[in-house]
Amino acid sequence: MEGWRLVCSWNGHEGRSKRKGDYDESLADWPRKQEDSLSAAGLSSLGQWLQQDMADSAQAQKLVYLVTGGCGFLGEHVVRMLLQREPRLRELRIFDLQLGPWLEELKTGPVQVTAIQGDVTQAHEVIAAVAGAHVVIHAAGLVDVFGRASPETIHEVNVQGTKNVIEACVQTGTQFLVYTSSMEVVGPNVKGHPFYRGNEDTPYEAVHRHPYPHSKALAEQLVLKANGRKVRGGLPLVTCALRPTGIYGEGHQIMRDIYYQGLRLGGRLFRAIPASVEHGRVYVGNVAWMHVLVARELEQRAALMGGQVYFCYDESPYKSYEDFNMEFLGPCGLRLVGTHPLLPYWLLMLLAALNALLQWLLRPLLLYAPLLNPYTLAVANTTFTVSTNKAQRHFGYEPLFSWEDSRTRTIRWVQAMDGSAQ
Ligand SMILES: NC(=O)C1=CN([C@@H]2O[C@H](COP(=O)(O)OP(=O)(O)OC[C@H]3O[C@@H](n4cnc5c(N)ncnc54)[C@H](O)[C@@H]3O)[C@@H](O)[C@H]2O)C=CC1
Ligand SMILES: CC(C)CCC[C@@H](C)[C@H]1CC[C@H]2[C@@H]3[C@H](O)CC4=CC(=O)CC[C@]4(C)[C@H]3CC[C@]12C
């Protein structure tokens, strides 16, 4: 196998969670240990937790999990969440194109952490990583709506990479596959139709022209279609897809970029999108928790969950993209100027088109990839919100982090950034 393989173990494994929202926080840039919040969950439940802890410790650690994209924004949260909240883990494999330095922290402990530098587009690398795993969480993907990568590369990573993961499961006998899809497989569509408080069954005309949502939609279809295929040994493959809305939280690169942009503009951001356009957002810790739960429940509830899609949701409020960001950037010293967009929409469209043209013209010389382009403007300017309880009904999902926790954690992360105004 190409690339290198680092084997280390993590020593922070504590069996089942002791309190709501308590999971390892040593993400790069993660500022502080969380305040004790036993009261949040209620002291009366402590006895039950302790009992559960003991029962879990008695269980043999026997499962091998693989997380592709385990060093990305979401992947790192999934990895840390698994280590803390999946007591049956024996080995956790982290597969990524680029391995993060934080893996070094995952030292000796009951769970063997195997870091694998690899590429999902290389079938042989994927097969080697999948062989012997009980569950695969496929979160690797090329998340690019800014024109940094070519459409072919996006397709290769997101679609061919997913095909490789499915085929590796089939060939090696891995039975459970959880795919990180996206709200973007539904919309917003090119016509700008609103999706208002929709659920997994809400009819919506999903039409994609942009390579990223197109690739995610194709990959999701492949994963769902693979449900029921016989894997090596004759058992059926059980698959499902999770569709996060816009994820936020510690490690979110776009939030970081917008924050620094605000600092450069003297602590101000200028409203571009009407406050009435609502955009679905979900906290990264809750998305990670949902992955852990799905992976755990897929075996017991294969008939119900196999081949299903689930939006990722939590208690985050419905707001416009910019107003939502201000929930974190506001307390960090930034101000959103204007109650209405400062520029008319037609002018923004013109600027977005100009950016696209400049990107094309400059491509031979440099990569020009600003936040504003015709696609991001259309997404930000179209209401897309989710209201569903399907995950709760199918596998008992409840958000692990309240909105207050999610907000506080994200604010602390922004405050800890270099050059923070706080
Ligand atoms: N960020 C968001 O708001 C949302 C993200 N998603 C999905 O969640 C997943 C994770 O996204 P993020 O963590 O935000 O992105 P990210 O870019 O931080 O993480 C993706 C990871 O995949 C790895 N990767 C990329 N190409 C690879 C390849 N060829 N082989 C192996 N690894 C490769 C990257 O190195 C990176 O660590 C993606 O599948 C994305 O489509 C879905 C909905 C919303
Ligand atoms: C300058 C503009 C007026 C504002 C630009 C904001 C945009 C950069 C972001 C607005 C909506 C975001 C997308 C949305 O949250 C859904 C997504 C799902 C994914 O699977 C990947 C990321 C993204 C496409 C996300 C990307 C940034 C926005 C377009």
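This is a predicted model: local features need pLDDT of at least 70, side-chain atom pairs count only at pLDDT 80 or more; totals for chains, interfaces and linings use all residues.
**Before you start.** Local features need pLDDT of at least 70 and side-chain atom pairs pLDDT 80 or more, while totals for chains, interfaces and linings use all residues. Residues are numbered from 1 along each chain as its sequence is written, chains are lettered from A and ligands numbered from 1 in the order in which they are written, and side-chain values use heavy atoms, without hydrogens and water.

**Stop 1: the salt bridges.** The whole structure holds 14 salt bridges. The term means a side-chain nitrogen of Lys or Arg within 4 Å of a carboxyl oxygen of Asp or Glu.

Select Glu 167 and Arg 229. Their side chains form a salt bridge, 2.9 Å from N to O. Glu 167 sits in helix 5 (residues 151–172); Arg 229 sits in the loop between helix 6 (211–226) and strand 8 (238–244), 62 residues apart from Glu 167. Helices (H or I, at least four residues) and strands (E, at least two) are DSSP runs, numbered from the N terminus. Glu 167 is partly exposed at 33% relative accessible area. Arg 229 is partly exposed too, at 34%. Here buried means under 20% relative accessible area, exposed over 50%, and partly exposed in between, using a 1.4 Å probe and protein chains only.

**Stop 2: Glu 278 and Arg 197.** Select this pair next. The closest N and O atoms of their salt bridge are 2.5 Å apart. Glu 278 lies in the loop between strand 10 (268–270) and strand 11 (281–283), and Arg 197 lies in strand 7 (residues 195–198), so the bridge ties together parts 81 residues apart in sequence. Glu 278 is buried at 16%. Arg 197 is partly exposed at 27%.

**Stop 3: Asp 323 and Arg 271.** This salt bridge has its closest N and O atoms 2.9 Å apart. Asp 323 belongs to helix 10 (residues 321–329), and Arg 271 to the loop between strand 10 and strand 11, 52 residues apart. Both partners are buried: Asp 323 at 18%, Arg 271 at 8%.

**Stop 4: helix 10 against helix 14.** Show helix 10 and helix 14 (residues 403–415). Their axes, lines fitted to C-alpha atoms over the stretch in contact, come within 8 Å and cross at roughly 70 degrees. Angles run from 0 to 180 degrees between N-to-C directions. The two helices are therefore roughly perpendicular (65 to 115 degrees).

Select the contact residues, with heavy atoms within 4.5 Å. Helix 10 gives Phe 324, Glu 327, Phe 328 and Leu 329; helix 14 gives Trp 403, Arg 407, Thr 410, Ile 411 and Val 414.

Conventions: Angles under 35 degrees count as roughly parallel, over 145 as roughly antiparallel, 65 to 115 as roughly perpendicular and the rest as oblique.
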